[in-house]
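The sequence and the structure are shown here.

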Amino acid sequence: MRGLFGTMKGRTQQHVPFSAEEKKKLCVQYRSLLLDGIAPFWLERGVDREYGGVLSCMSEDGKVQSGDKFIWSQARSVWTFSALYNRIDPQPEFLDAARNSVCFLLAHGRDDRGRWVYHTDREGRVLEGTTSIYADCFAIYGLSEYYRATRDEQALSVARQSFDRVVRRIEEPDFNETMPYPMPPEWKNHGIPMIMTEVAHELAQTLGDDRVERLAIQYANRVMQHFVKPERKVLLEYLTRDYRELPPPAGTFVMPGHAIESMGFVLHVARHHRNQDLIRRAVEVIRWHLELSWDEECGGMVLSRDIAGGEPFLPHSQKTGAAAASEAAEILRGALAGPGSARIIVGTGNSQLEMVAALVVEPGLEWRRVEVFHMDEYIGMSEEHPASFQRWLKANLVDIVHPGKVHYLNGTAADLARECERYAALLHAGPIDICFLGFGENGHIAFNDPGVADFHGPLAVKQVTMDERCRHQQVGEGHFPSIDAMPREAVTLTCPELLRARHLICTVPDLRKAEAVKNALTGPIAESCPSSIVRTHPGAAIFFDADSASLLPPSVSVRFFLQPRTCL
C-alpha cells in the first residue's frame, strides 16, 4: 500500500493518472484482500449462527467484545454479503450469511410502527429504540441488494415502505434521529443527504422507479450545492437548518474520508446519468480532500481537519459527551419531578459541545422550568463576537430548548464590580442543581487559572487576568486568529461558587487535556491545579475519553467512558 500510495499528494497535485499496470496491481491486491482475508474472517468469526445476524463488536484478533447488535451494522452485513454474491463471486456461503442477517432484521429490527430500532442485545431484545435514521437507511440499502440476489418480495416490500417513511421523516421540523451522533435541532448534517443519495439511487435501480431516482439526484445536488464549498476547497459536515455556515469548531470541521465516500455516492448517480460536469466536480472534491488529509510522513489520511486551524471538532467522540448528558438528564428529571424548577450553570467551549449537543435532545426535560446561568465571559467583548461565550450559549443551548430563564454575564458592563455583585445575587437566590464544566489545558475550571484560583475566597464572581497558557488554548481552538486578538481579562464564577452546585458534571475529552487530567486526579489538591478541587465534591462525575485519560495510572478509580471500538 505504501509503495503505491506514498506519494498520493504529489500525484493529485500534478493530476497524474494511475497507469494500467498500477490499476491491475490494485485490483489484484484488493480482490485478494477481500476474498482471502476480510470475507473469510467475517464468515468464520462474525456470523452469529445461534441467534442470527452478525457479532460486529470484535477486537482485531476476532475476540467478541460485546454481543449487542446495532441494527445498522446488521443491515450493512446484509448488503456486504449480498453484494459479494451479486458483484464479486456467487459463493453460496455469502448468500447464506446475508439470509442469516435478513432473518434477524425482519424478526427484531423494527418497532410496531415499522421504524427501525438502533440497538438490541444478542437475542434481539431492543435496548435503544428509533433514535437513528441511519439504521433505516442501511436496512433499505441491504434489503434492496438482497432482493437482487434472491427476488425475495418481502425484503423488497419492507425496503420500499421504509424508504417512503424516511423520505418524509428527514424533512419534518422535529427530525432528530441522528444517533450515534446527536445533533442540535437547528443544525443540518451532510450525512443525511449523503446516505440518501446512495440509498435512493440503489433502490431506484432495483425497482426501476424514476421517481426514486429523481430523489437520488435531489440529494446529490443538496450535497454539492450546500455542503461543498468550492471557494475553500472543502466539504463541510455541519450547517444550519437553512444551510448557513456555523461558527467554529463545528462549522469548520471537515472529515476528508467522509467527503471522499460521499463523492463516491455522487459519482454513482453522475455516471448513471452520464453527467460529465457532475463527474468532474465530484472528482475535484475527492482531490481536495486527498490533498487536505494526506500524511506525507507515514502515509494514509488523517481522520479530520479544522479548516480554521484549531483542534478538530470530533462528533465521533461524543460517546463521552452523550454519557455525561445522560447522567445530567437523569439529575434534571429528578429535580423537575416536584413543583419547582432546576437551576444549572453551563460552561462553554469545545469540550462541552458534545455534551450539550446530546443534552438538548434528551427526552422528557421540561426546559421551561430550567434556569440557566452563564459561567464566564471575556471582558470588553460584545455578544455578537464569534468567540463570545454568551453567543455560544445561545446558539448551542438557549435558542434550541428555550429555557424558562437565562442569566448572562455582561463583559461590557461599565462597572464590572457591580456586575459581579449583580450576578452573585442571582446565583444565590437559590441552590444550583448542576454545574457543567471542563478542565483547561492548564488545569483551570471556568477562568480560574493557576495564580488566580482561590479555593476559599469570599467572592462568587470576580474579574481575572488569564494566564498565557489559557490564552494560547483559546487561540489553538480556533476562537481567535492570533494571541494579539485574544483578550487578557475575563469575569468568571469562582471555585467556591462552582462547587456550591449539588452535582458537578465534568466532561474532559481530547489528548491535549491528558496532562491536566493526570494532575487533577493524581496530584495534590492545590490552587496550582484548580481542577483538582473537584475531587473534594461528593456529587462530582468526571467523564473522559481514551485520549484525555491516557496518562492516568491503572490505580486511579474514576468514572471513565471510552470511545467504543468501531464495529462493522
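Predicted model: local features only at pLDDT ≥ 70, side-chain atom pairs only at ≥ 80, totals over all residues.

**Helix 3**

Helix 3, residues 20–46, has a bend of about 35° at L34. Its buried residues are L26, L35, A39, W42, L43 and G46.

**Helices 6 and 7**

Two packed helices are described by the angle between their axes and the distance between the axes. Helix 6 (residues 133–150) packs against helix 7 (residues 153–169) at about 150°, and the axes are 8 Å apart. The crossing of helix 6 with helix 7 is left-handed.

An open sheet is built from six strands in the order 15-13-12-16-19-20, with parallel pairing. Strands 15 and 20 stand at the edges and each has a single partner strand, so one side of each is left without a neighbour in the sheet. From one strand to the next, the twist averages 15°.

| Edge strand | Residues |
|---|---|
| Strand 15 | 405–407 |
| Strand 20 | 540–544 |

Strand 12 (residues 342–346) is paired with strand 13 (residues 370–374) in the parallel sense through five bridges. In this pair, A342 is opposite V370 of strand 13. Helix 14, residues 389–401, lies across strands 12, 13 and 15 and runs at about 150° to strand 13.

How values were computed. Residues numbered from 1 in each chain as written. Heavy atoms only, no water. Bend = angle between axes of the 7 residues up to and from the residue. Helix = DSSP H or I, 4+ residues; strand = E, 2+ residues; numbered from the N terminus. Buried < 20%, exposed > 50% of the residue type's maximum accessible area, 1.4 Å probe, protein only. Axes fitted to C-alpha atoms, helices over the stretch in contact; angles between N-to-C directions. Left-handed = near helix turned anticlockwise from the far one by under 90°. Pairing = 2+ DSSP bridges. Contact = heavy atoms within 4.5 Å.
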